[in-house]
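Please look over the sequence and the three-dimensional structure shown here before reading on. The report below is written for someone who meets this structure for the first time.

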Amino acid sequence: MDMKDSRFVHLLLFSCKQCSRPLAIPMASEEGNLERIDGGIFDVKCECGWSQKMIGLEASRHWVASWYGPRGNNFGRAEECRSALS
Ligand SMILES: [Zn+2]
């Protein structure tokens with residue numbers, strides 16, 4: 001994907017089911033809504049050897065931030081955030 005077309009960055013935070021290490025997956029997207037990414041499937045891998053395909057909804061946290069241009073130098077504030085705990 002061309003980053004020039006990506007206006008948002010999503011950051012999904014998973015937790016390793018074996019050692020509980022935090023595993024973050026960053027993703028550029030033209031869309032800022034959480035739902036589309038929450039429905040995606042991600043290959044989550046941990047350095048302990050654990051790996052699993054997980055859907056975005058299984059992430060313990062999901063942040064979205066504005067992302068301007070290829071340098072992405074204006075990370076701004078997180079515009080939307082969801083927590084599995086809330
Ligand atoms: Zn692990």
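This is a predicted model: local features need pLDDT of at least 70, side-chain atom pairs count only at pLDDT 80 or more; totals for chains, interfaces and linings use all residues.

## Overall layout

Read from the N terminus, the elements of the protein chain follow the order β-β-α-β-β-β-β.

Of the 86 residues in the protein chain, 14% are buried.

## Pairing around strand E1

Strand E1, which covers residues 8-15, runs antiparallel to E2 and is joined to E2 by eight bridges. Within this pairing, Ser 15 has Pro 22 in E2 as its bridge partner. E1 and E2 together form a hairpin, with six residues lying between the two strands.

E1 also pairs with strand E5 (residues 61-66), again in an antiparallel arrangement, and here six bridges connect the two strands. In this pairing, His 10 is placed opposite Val 64 in E5.

## The nonpolar core

The largest nonpolar core consists of five residues, namely Leu 12, Phe 14, Leu 23, Val 44 and Ala 59. Leaving out residues up to four places away in sequence, Phe 14 touches several residues, among them the core members Leu 23, Val 44 and Ala 59. The contacts of Phe 14 also include Ile 25, Met 54, Glu 58 and Ser 60.

Ile 25 belongs to strand E2, which spans residues 22-29. When neighbours within four places in sequence are set aside, Ile 25 is in contact with Leu 12, Phe 14, Phe 42 and Val 44. Why is Ile 25 partly exposed? Ile 25 counts as partly exposed because it has 19 C-beta neighbours inside 10 Å, whereas a buried residue needs 20 or more.

Ile 25 can also be placed relative to Ala 59, which is 34 residues apart from it along the chain, with 9.6 Å between their C-alpha atoms.

Ser 20 sits in the loop between E1 and E2. Its phi is near 70°, a positive value in a residue other than glycine. Most residues other than glycine have a negative phi. Is Ser 20 buried or exposed? Ser 20 is exposed, because 10 other C-beta atoms lie within 10 Å, and a residue counts as exposed when that number is 12 or fewer.

Terms used. Residues are numbered from 1 along each chain as its sequence is written. Helices (H or I, at least four residues) and strands (E, at least two) are DSSP runs, numbered from the N terminus. A nonpolar core is a set of buried Ala, Val, Leu, Ile, Met, Phe, Trp, Tyr and Cys residues joined through C-beta atoms within 7 Å. Two residues are in contact if their C-beta atoms, placed from the backbone, lie within 7 Å. Two strands pair if DSSP finds at least two bridges between them.
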